[in-house]
Amino acid sequence: EPGLCRVEPFGAFAAARYEESSALLKDPRTFSSEALSAAAEPPWIGPNPVAQSLLTKDPPAHTGLRALLTRAFGAPMISRLEVRVRETSERLADAAVRQGEVDLVDAFTHVVPRDIIGEMLGLDPSLFPNFKRWSQGMAAITSAVTPAQQEECRSVVREMKLALTEVLETRRRHPAEDMVSELLQAEVDGRKLSDDELLSFLFLLLPAGVDTTTQLLGNAMLTLARRPEQLEQARADKAHVPRFIEEVLRYESPTQLSFRLATRDVELSGTRIPAGSLVLGIIGSANRDERVFEQPDLFLPGRSKGNQHLTFGYGIHFCLGAQLARLEARVALEAFVSRVRGIELRSSTVEWIDSFGSHGPATLPVR
Ligand code: HEM
């Protein structure tokens with residue numbers, strides 16, 4: 001239906017259709033990320049570790065930050081990483097095939113993005129196993145209620161800050177050919193990133209780069225298990241893989257929601273939204289809008305009218321890592337499908353991650 005609906009428990013306004021979801025994401029002055037971040041910041045956490053990152057800024061602050069980060073995060077870095085993504089994916093796929101019965105999340109879908117982001121950040125590999133706990137702790141900052149939950153979040157922030165500060169200091173003394181060294185050097189119009197901005201960006205990359213891609217790979221594996229003809233096509237024709245990935249992104253979107261705060265009284269498709277309201281774009285629903293996608297509830301890789309899903313967002317905050325996520329998914333799937341005949345799920349029910357904003361399997365026991 002046109003218009004927005006109200007959703008509890010926050011009394012938020014929710015845009016379920018493509019038109020309203022994209023309108024929301026297109027207008028950062030009316031629907032602010034910065035005001036949302038300030039309003040959602042719990043006092044017990046101390047300085048919010050991602051408060052100076054681009055995700056929580058509106059123009060004009062966002063504009064300069066994005067220009068600086070885009071330069072360091074560009075095509076040369078992505079192509080440098082391709083070799084590492086391939087090596088990691090092939091090694092893990094070989095190990096999974098050797099073991100026969102595995103949980104694909106633990107053995108593959110989490111480990112590929114985890115190791116790639118860990119390497120991009122220049123962190124010691126002994127810290128990589130901590131990433132799951134770290135991103136869970138970061139995600140829990142807005143919902144932690146008990147003193148024990150809050151202490152766990154604070155302890156995660158302390159551990160991450162220590163590790164990331166050490167990386168920054170090392171790279172400042174000994175620059176290398178990596179992302180952190182490039183971020184330290186990056187300069188646009190005579191401006192460089194401040195230490196707070198650098199640290200906030202590195203903090204953001206863990207949940208933004210690992211969890212989402214884990215879910216994309218998990219949803220892709222689940223789809224291959226449920227639709228064996230897709231696995232056959234991907235193995236027979238490499239060109240099918242990117243089409244398949246785009247359809248998984250649309251059909252099983254890892255990001256289901258995007259939040260904003262209304263900065264003024266505004267009307268969207270006939271619904272009056274008072275200033276200060278929480279407004280959310282339901283990406284997962286917009287991606288199934290029949291006004292934009294023909295037969296939206298069918299899984300159809302290579303859609304004839306294109307596949308302009310909102311899974312990576314829209315407008316100024318469009319995902320900075322979209323190119324990397326697509327590369328990781330393509331290379332990981334190529335490595336996997338060339339090694340396995342089929343994927344058999346060991347359980348008929350899927351255990352999903354426990355989150356209302358993200359979508360992907362928590363475990364994937366297969367043989
Ligand atoms: C922003 C989704 C992978 C880094 C976003 C946004 C979405 C998104 C929806 C916009 C959020 C908003 O408007 O509020 C995804 C999905 C991914 C993925 C579905 C994987 C399938 C990655 C990776 C990285 C990354 C691999 C980095 C290594 C970022 C950053 C932003 C962002 C830095 C903030 C951009 C800005 O505010 O200008 N992502 N992401 N993402 N993503 Fe991703």
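Q: Which side chain does E334 join in a polar contact?
A: The side chain of R86, at 3.5 Å. A polar contact here is a pair of N or O atoms within 3.5 Å; within protein, one must be able to donate a hydrogen and the other to accept it, and residues adjacent in sequence count only if both atoms are side-chain atoms. Before we go on, this is a predicted model: local features need pLDDT of at least 70, side-chain atom pairs count only at pLDDT 80 or more, and totals for chains, interfaces and linings use all residues. Residues are numbered from 1 along each chain as its sequence is written, and side-chain values use heavy atoms, with hydrogens and water left out.

Q: Ok. Where does E334 sit, and is E334 buried or exposed?
A: E334 is in helix 14; helices (H or I, at least four residues) and strands (E, at least two) are DSSP runs, numbered from the N terminus. E334 has a relative accessible area of 11%, so it counts as buried. Buried means under 20% relative accessible area, exposed over 50%, and partly exposed in between (1.4 Å probe, protein chains only).

Q: What else does E334 touch?
A: Leaving out residues up to four places away in sequence, E334 touches R86, K238 and V241. Contact means heavy atoms within 4.5 Å.

Q: How many salt bridges are there?
A: The structure holds 32. The cut-off is a side-chain nitrogen of Lys or Arg within 4 Å of a carboxyl oxygen of Asp or Glu. One of them pairs D297 with R288, with 2.9 Å between the closest N and O atoms. R288 has a relative accessible area of 26%, so it is partly exposed. There's also a network: E82, R86, R330 and E334 are joined by salt bridges that share partners.

Q: What about E151 and R154, how do they meet?
A: In a salt bridge, 3.2 Å from N to O. They're three residues apart in helix 8 (residues 147-173), so about one helical turn separates them. An α-helix has 3.6 residues a turn, so residues three or four places apart point the same way. E151 is partly exposed at 34% relative accessibility, and R154 is partly exposed at 26%.

Q: And which salt bridge links distant parts of the chain?
A: E247 with R303, at 3.1 Å from N to O. E247 is in helix 12 (residues 240-251), while R303 is in the loop between helix 13 (283-286) and helix 14, 56 residues apart. Both E247 and R303 are buried.

Q: Switching to the ligand. How many residues surround the ligand, and which are closest?
A: 27, with H62, R66, R260, H317 and C319 the closest. Near means that one of a residue's heavy atoms lies within 4 Å of the molecule. The shell splits into 15 nonpolar, ten polar and two charged residues.

Q: Which atoms lie by the ligand's oxygens?
A: An N or O atom in the R260 side chain is 2.8 Å from a ligand oxygen. A polar side-chain atom of S258 lies 3.1 Å from an oxygen atom of the ligand, and for a backbone N or O atom of I316 the distance is 3.5 Å. As for elements, helix 3 (61-72), helix 10 (195-226), strand 7 (257-262) and helix 14 (322-337) each give two or more residues to the shell.

Q: Which of those gives the most to the shell?
A: Helix 10, with eight residues.

Q: What does L25 touch?
A: S258, R260, G313, Y314 and G315, not counting residues up to four places away in sequence. L25 is in helix 1 (residues 18-26) and is buried, with a relative accessible area of 4%. The C-alpha atoms of L25 and H317 are 8.0 Å apart, though 292 residues separate the two along the chain.

Q: Now the core. How many residues does the largest nonpolar core have?
A: 90, and M179 and F201 have the most contacts inside it. Helix 10 gives the most to this core, with 16 residues. F201 touches several residues, including L54, F73, M179 and L320.

Q: Last one: why is helix 6 largely enclosed?
A: Because ten of the eleven residues of helix 6 (residues 111-121) are buried. Among them are V111, R114, D115 and L121. Helix 6 is followed by G122, which has a positive phi near 75°.

Note on methods:
Nonpolar A, V, L, I, M, F, W, Y, C, P; charged D, E, K, R; others polar. Core = buried A, V, L, I, M, F, W, Y, C linked by side-chain atoms within 4.5 Å.
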